[in-house]
Amino acid sequence: MKHSTKVGIIGAGPAGLTLALLLQRKGIDCIILENRSRQYVESRVRAGLLEQNTVDLIRELGASERLDKEGLEHHGVYLSFNGVRHRVPFKELTGGRCITIYGQQEVVKDLIQANLDRGIEIVFEAHAKHIEGIETESPSIFYQHNGEEHELTCDFVAGCDGYHGIGRQHLPKETYNEFRIEYPFSWLGILANVAPSSDELIYAYHERGFALHSLRSETVSRLYIQVENDDTVDNWPDEKIWEELSIRLGAEGWSLQSGPIFEKSITPMRSFMIDNMQYGRLFLAGDAAHIVPPTGGKGLNLAVADIRFLASALTNWYDNQDDSLLQSYSQDCLRRIWRAQDFSNFMTYLFHKQAAHGSFENLLQKSKFDYISLSKAQATTIAENYVGLKEI
């Protein structure tokens with residue numbers, strides 16, 4: 001079965017859904033192919049930290065009704081080193097910008113509904129098999145749906161299908177370099193039915209390892225602790241998790257509230273990226289081209305930043321037959337990607353235990369932490385990167 005559109009989008013995550021809305025607003029037809037079911041993608045728990053830029057774009061697209069009601073604005077973050085806690089105030093240091101806590105699965109629900117309301121076709125359970133003709137003016141995506149073989153012919157292909165998707169697999173290997181770091185630790189993350197014990201996020205270094213206090217709502221807490229890469233959730237009964245979190249996050253005059261844990265998982269920490277995100281009529285965005293450790297909360301936000309550039313480039317092509325922005329797409333994205341990689345790497349090494357307490361490496365970590373409280377410039381650097389740089 002053959003179909004056609006202007007832009008074929010692989011992946012109904014934040015990147016693909018946002019791209020479709022931006023294109024539809026400019027009158028550019030597109031079809032989204034999603035490997036999973038709608039129920040699966042709407043329930044897949046991922047990050048929940050939105051930069052100011054991301055929130056602004058969702059509002060601009062008219063998809064922020066639930067976000068504006070349920071999202072929790074945070075105007076600062078707590079950083080802790082062995083129980084010594086310092087607050088970085090976002091509003092004061094960034095001219096009023098902030099972050100918003102709102103689960104990625106909720107963002108996806110809102111964006112899917114906005115796409116469907118505007119008549120954008122999303123084909124769920126469409127298994128994209130391969131892409132042909134990306135060096136021509138009419139590439140095709142071949143996919144399977146309901147047991148039938150389909151071909152989607154388009155002007156451009158947007159690979160928004162994640163790290164394991166087929167998009168990156170179709171870039172010629174000689175057109176890009178890979179960069180990766182496999183960190184020597186992982187995160188044990190939990191979701192718990194308990195009100196957050198802090199009004200803002202807490203990043204904590206402790207001689208026993210890193211911990212993070214986050215949240216998903218006013219009644220659900222999201223918390224993490226550093227574990228070994230070969231660890232398993234079976235080694236962490238609920239009582240042990242709460243005890244360890246209480247120790248690592250502890251500070252004078254503060255206590256951690258515990259509650260029923262309803263999800264546990266271990267996530268390896270890694271950085272990955274390629275230095276070219278396009279070839280012919282194929283363009284990558286989001287996790288298909290780069291992954292950052294979750295320490296800086298940049299994954300979803302980087303994907304949306306990519307899409308801003310790609311949507312502008314495609315609009316410029318269709319409006320003016322000008323491919324200059326398409327040609328510069330990778331370089332435009334990479335400036336922000338490298339910045340986010342550096343910030344995520346900095347936060348990861350600052351707060352995770354890597355060497356013995358009192359060692360040279362450990363004392364350097366403490367010196368970096370102390371400098372945040374001593375230097376407004378350093379605190380501003382962290383705040384600007386955390387809430388999302390306006391222009392880069």
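The model is predicted.

Start with the sheet. Strands of a sheet pair through backbone hydrogen bonds, either parallel or antiparallel. Here eight strands form an open sheet with mixed pairing. Their order is β7-β6-β15-β16-β17-β14-β18-β21. The edges are β7 (84–89) and β21 (290–291), and each of these pairs on one side only.

Now look inside the sheet. Strand β16 covers residues 211–215, and strand β17 covers residues 221–227. The two run antiparallel and are joined by five bridges. Histidine 213 stands opposite leucine 223 of β17.

Helix α11 (residues 360–374) lies across β6 (76–81), β7 and β15 (202–205). Its direction makes an angle of about 145° with β6.

Next comes a helix pair. Helix α10 spans residues 329–351 and helix α12 spans residues 376–387. Their axes come within 11 Å and cross at roughly 120°. Roughly perpendicular ends at 115 degrees and roughly antiparallel begins over 145, so α10 and α12 are oblique to each other. The crossing of α10 past α12 is left-handed. From α10, Arg339, Phe343 and Phe346 make the contact. From α12, Gln378, Ile382, Asn385 and Tyr386 take part. By class, the residues of this contact are four nonpolar, two polar and one charged.

Last, turn to helix α3, residues 52–60. Its buried residues are Gln52, Asn53, Thr54, Val55, Leu57 and Ile58. Just after α3, glycine 62 adopts a positive phi of about 70°.

Key:
Residues are numbered from 1 along each chain as its sequence is written. This is a predicted model: local features need pLDDT of at least 70, side-chain atom pairs count only at pLDDT 80 or more; totals for chains, interfaces and linings use all residues. Side-chain values use heavy atoms; hydrogens and water are left out. Buried means under 20% relative accessible area, exposed over 50%, partly exposed in between (1.4 Å probe, protein chains only). Helices (H or I, at least four residues) and strands (E, at least two) are DSSP runs, numbered from the N terminus. Axes are lines fitted to C-alpha atoms, for helices over the stretch in contact, and angles run from 0 to 180 degrees between N-to-C directions. Angles under 35 degrees count as roughly parallel, over 145 as roughly antiparallel, 65 to 115 as roughly perpendicular and the rest as oblique. A crossing is left-handed if the near helix is turned anticlockwise from the far one by less than a right angle, and right-handed if clockwise. Contact means heavy atoms within 4.5 Å. Ala, Val, Leu, Ile, Met, Phe, Trp, Tyr, Cys and Pro count as nonpolar, Asp, Glu, Lys and Arg as charged, and the others, Gly among them, as polar. Two strands pair if DSSP finds at least two bridges between them.
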